[in-house]
Amino acid sequence: MSSIMEFYPEMFLSKWHLLVVFIIVITIIGVKIGGYDKEIMKRYIWKSLIFSYIAVTVIVTFFTYDTKHMDSQMIAWMDDAHEEGKGEDPGLLELDKDLVVYVGSFGDEEEDKTVKVYAGNYRDDKSFHGSVTVFIFGETGDVLKEESYEDITLEAGDKVEIDTFEVEDEKKPDKFNYLFQEE
């Protein structure tokens, strides 16, 4: 796993950055009411802009980084599984190698795991509409979860999250199978 932090556009420009605009408007109103001269007004406005942008960006990054990192990691793992021509489990039920499901878990050793289920359509020109059944097995081979996801639509090239759930540390997902049923 890489220790270099990845950056995402949403960290630097998001709907939450509208707070910066609000803070700047409040600053402008405050310095106008305060009767400051133009040079001091510019300094306060610039300081307010820089400080509020940094503060909002740090807070947005704190709350969105893990989610964005998990999403990009899941897509990378799913891309690798597609390139290998199979999912995680050698007993793969799926025959169409361009429809792929990937199940990955995130979390430290001593804590509960966040499990994400992603589906991808690697076809160049054909969409998928139907259901996806996913079987998730633990390290001992026991079924942790069997879930059917109905009314799934994947356009050509789509890679989407279809489920997220938590499992206890001792019930970590180890293998999975899946079956696409087109309507």
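Reader: Where is the place of Arg123?
Author: This is a predicted model, where local features need pLDDT of at least 70 and side-chain atom pairs pLDDT 80 or more, while totals for chains, interfaces and linings use all residues. Residues are numbered from 1 along each chain as its sequence is written, and side-chain values use heavy atoms, without hydrogens and water. Helices (H or I, at least four residues) and strands (E, at least two) are DSSP runs, numbered from the N terminus. Arg123 sits in the loop between strand S2 and strand S3 (128–138).

Reader: Is Arg123 buried or exposed?
Author: Buried means under 20% relative accessible area, exposed over 50%, and partly exposed in between (1.4 Å probe, protein chains only). The relative accessibility of Arg123 is 10%, so this residue counts as buried.

Reader: Which side chain does a polar contact join to that of Arg123?
Author: A polar contact is a pair of N or O atoms within 3.5 Å; within protein, one must be able to donate a hydrogen and the other to accept it, and residues adjacent in sequence count only if both atoms are side-chain atoms. At 3.3 Å, the side chain of Arg123 makes such a contact with that of Glu182.

Reader: How many residues of S2 are buried?
Author: S2 covers residues 113–121 and is mostly covered. Lys113, Val115, Val117, Ala119 and Asn121 point one way from the strand, whereas Thr114, Lys116, Tyr118 and Gly120 point the other way, and all are buried. In a regular strand the side chains alternate between the two faces of the sheet. The count for S2 is nine of nine.

Reader: In which sense do S1 and S2 pair?
Author: Two strands pair if DSSP finds at least two bridges between them. S1 (residues 99–106) and S2 have eight bridges. Val103 stands opposite Val117 in S2. The sense of the pairing of S1 and S2 is antiparallel.

Reader: What is the bridge partner of Thr114 in S5?
Author: S2 also pairs with S5 (residues 159–167), over eight bridges in the antiparallel sense. In S5, Thr114 has as its partner Glu166.

Reader: How many helices and strands does the protein have?
Author: From the N terminus on, the elements run α-α-α-β-β-β-β-β-β. The counts are three helices and six strands.
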